[in-house]
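Reader: I would like to go through this structure with you. Could you begin with the terms you will rely on?

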Amino acid sequence: MCEVDRDKIEHICIKLRASSADGGLTIKDRYYHLRKYHSSFVGSEAIDWFIANGFATTRKEGVQLGQALLDTDLVHHVVDEHNFEDRQLFYRFRQDDPPHLSPAGPSVASLKKDCGTKFGPAQKKGLLKWQQAFIVLRQEDDILYEFRTDLHSTPSKKYPLKEATVRLDPLAKFCLLMSFADIQRSDLRLAFSSDEEQLSWLKAFEKSGAITGQTEEEVEDQVKNAESIFVFNAKDIDGNAVSFEKYRGFVTLIVNFGKQEPDPEPVIKQFAARYGVQFDMFSKINVNGASALPLYKYLKSQLKGTLGSFIKWNFGKVGIDQFLCDRNGKPVKRYAPSVQPLDIAKDIEALL
């Protein structure tokens, strides 16, 4: 394979993109199946140009040179579904992309150039079947990017790992299950080709801020056998794991303001600081359903609500059910959303 450095690639790119009068390639709007592709060129014609201008001696070298243009993200297939090929396929320079086609996020090629980036193919569990995906983890910003393929220039989804809990999926081989504090995000189930690959990604996710969670069976056992809140943990407002062991010896009131905090954690923290808030604040979590924080599964198992264990929300009030725990970490009372914190004062004082 011919090796071409970045400076030479950019030099070739400038000459290739020059006007036809200046010896460049023919770049124009082209049509395929009645669809218009703006400012594009043909792959096989580009290879002709590489050879004619002395940048390649064979068509194989021409393909490799064209692929180098794709790998440096200077050029891409017009619908991001092909590598560079010696065929009647349309390609376009990035700078010629129409405004509405400009990437909404980093491309696979640009992400691969970053240090500390992990990438590879995976399978994503869709609504009805498994779908092929290409995932890229950039530890610089702790984001997992999902692409349809490794050729696509724009990620189809982005997953903030500091809001995620990742665990081994007991229902499928070589799978990881990722759930999110944001209830608008669906769980993500990823399948890999081996247990080594699965564990490698699990460690990478953990390094990027995701909580390495337990399997559903492990959570059920923990909730069933727990004698207090001290065996559980959660992420604080800054994304750090905190053990509830720190509250041993203290009377603890656990409150979650359901759906009243749409902003991300840094904004919430900044807002609370204006009012001199001094109590511990935690990252967003799920309190109902299979992906509920184990702590809340335990609290609900110990104290049923008036309409069952389901956590209720009441707009305009405190927002959500509240749990009072004694110095030994035992849940002693559950309050409906309509009860204000100040109304709980007498119960707190009785436990002091």
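Author: Axes are lines fitted to C-alpha atoms, for helices over the stretch in contact, and angles run from 0 to 180 degrees between N-to-C directions. Helices (H or I, at least four residues) and strands (E, at least two) are DSSP runs, numbered from the N terminus. This is a predicted model, in which local features need pLDDT of at least 70, side-chain atom pairs count only at pLDDT 80 or more, and totals for chains, interfaces and linings use all residues. Residues are numbered from 1 along each chain as its sequence is written, and side-chain values use heavy atoms, leaving out hydrogens and water.

Reader: At what angle do the axes of α1 and α3 cross?

Author: The axes of α1 (residues 6-17) and α3 (residues 59-71) cross at roughly 100° and come within 11 Å. The two helices are therefore roughly perpendicular (65 to 115 degrees) to each other.

Reader: Which residues make the contact?

Author: Helix α1 contributes I9, I12, C13 and L16, while α3 contributes L65, A68 and L69; contact means heavy atoms within 4.5 Å.

Reader: Turning to the sheet, what is the strand order?

Author: The order is β1-β2-β4-β3 in an open, antiparallel sheet of four strands, where pairing requires at least two DSSP bridges between two strands. From one strand to the next, the twist averages 55°.

Reader: How many bridges join β1 and β2?

Author: Four bridges, in the antiparallel sense, join β1 to β2 (residues 35-42). Y32 has R35 in β2 as its bridge partner.

Reader: And how much of the chain is buried?

Author: Of its 352 residues, 44% count as buried, meaning under 20% relative accessible area with a 1.4 Å probe, protein chains only.

How values were computed
Angles under 35 degrees count as roughly parallel, over 145 as roughly antiparallel, 65 to 115 as roughly perpendicular and the rest as oblique. Buried means under 20% relative accessible area, exposed over 50%, partly exposed in between (1.4 Å probe, protein chains only).
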